[in-house]
Amino acid sequence: IQEILRYTGPAFQPGLYTILNTASGNDIKVPRQTAFSAATATAEGAVFTVSNPTGESFTLKAQKVGVLLKTSREIIEDSGIDLVSYIARQAGEAVGYKVNDLLAVGTGTVVPNGIFVAPALGVTGGTAVSGAFTADNLIDLLHSVDSAVAARPATALQMNRAALGAVRKLKDGDGRYLFEYGAAGEPRILGERIVENPFAPAVALEAKSVIYGDMSSYHVRQVGGIEVARSDDFAFDTDEVVWRVSMRVWGDLGQSANVKHFIGNAA
C-alpha cells in the first residue's frame, strides 16, 4: 500500500516535501521565521544596532483518511486470483488519491492546507486567454522567488499533466521547443525541473495552475504508518469480510515566500 501511495501523486516522492512522521496525532506547532536579522555598517567606537530575528508558528494537525472494502467469504475462498493483494492495491489507490488531493488543493480549515492553495502570488496571467500561461509568464514566476530559494535542491515547478502538455508546446522566437529532459530523465523547462501533480488545478480563469519554489518548504505530517485492519465479524449477517485502511495526515507551507503561484487572469 505504501508503495502504491507513491505512484498516486507527489506527496511521498523522496526528496520533495518535508515529511514528518509522529507517533501521536496531537497538534504540532512548527516555528517559522518571519524576519531576519540585519547587519549595519558601524563606525569605529559606535554602538552596534540590535536586530533580532522574529518568528511565529504554524500548526500541523492530523486528518484521518480511509476506506472500507467488503467482499464475500466465498470470493476469498473460491477465487483463483490473489484477491487480498488486489484489495490492498485498491485501498492504496483510494487512500493515496484522497491524500494527494488534500495535500494539493485542501482548503486548510479542517483539512490540510494544499500546496496549490498556500503559496503567495507570483504572476497573474494575461487577459482573453482563458487562464493560459506564456513562456514569459513562467520566466516571471521563476524570478518571483528569492535567488537563495531558487538554488535549493527541492526547487521545482509543479502542475498537472494537461498544463505540462501546454508547457511542451512553448517555443522560442525561432520555433524551437523550450521543453527538455534533464540528465535524470525528468521534464524541465528554462533549466527548471517540473513535477507532475495530477491533483493540481486545471489551467483556467482565476485558477492557480502552476507553482514554483522550494517544495521542501511544504511540510507533510503523517501520524504513524498506514493502519490495515480486517474484521470477520462486522458484516456477520451477510458473511462478508471487511477491510479498513486508513492513515492520518496534514500539510502546510512553512514559508509562503518560498513557493509562488501563477494564476489565470479573471478577465
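Tutor: Before we look at the sheet in this predicted model, take one definition: two strands pair if DSSP finds at least two bridges between them.

Student: OK, so what order do the strands have in the open sheet?

Tutor: The open sheet has 4 strands in the order E1-E11-E12-E4, and their pairing is mixed. Strand E1 (18–22) and strand E4 (63–72) stand at the edges, and because each has a single partner strand, one side of each is left without a neighbour in the sheet. On average, and with direction ignored, neighbouring strands of this sheet are turned by 25 degrees against each other.

Student: How many bridges join E11 to E12?

Tutor: Strand E12 (residues 240–253) is joined to E11 by 12 bridges, and the two run antiparallel. As for residues facing each other, Arg221 stands opposite Trp250 in E12.

Student: And which strands does helix H3 lie across?

Tutor: Helix H3, residues 83–105, lies across E4, E11 and E12, and runs at about 155 degrees to E4.

Student: Switching topic: where is Ser217, and is it buried or exposed?

Tutor: Ser217 lies in the loop between strand E10 (210–214) and strand E11 (218–235). Its relative accessibility is 6%, and since buried means under 20%, Ser217 counts as buried.

Student: What does Ser217 touch, then?

Tutor: Leaving aside residues up to four places away in sequence, Ser217 touches Arg152, Asp252, Leu253, Gly254, Gln255 and Asn258.

Student: And the whole chain, how much of that is buried?

Tutor: Buried residues make up 40% of the 267 residues in the chain, which has 6 helices and 13 strands.

Technical notes:
Residues are numbered from 1 along each chain as its sequence is written. This is a predicted model: local features need pLDDT of at least 70, side-chain atom pairs count only at pLDDT 80 or more; totals for chains, interfaces and linings use all residues. Side-chain values use heavy atoms; hydrogens and water are left out. Buried means under 20% relative accessible area, exposed over 50%, partly exposed in between (1.4 Å probe, protein chains only). Contact means heavy atoms within 4.5 Å. Axes are lines fitted to C-alpha atoms, for helices over the stretch in contact, and angles run from 0 to 180 degrees between N-to-C directions.
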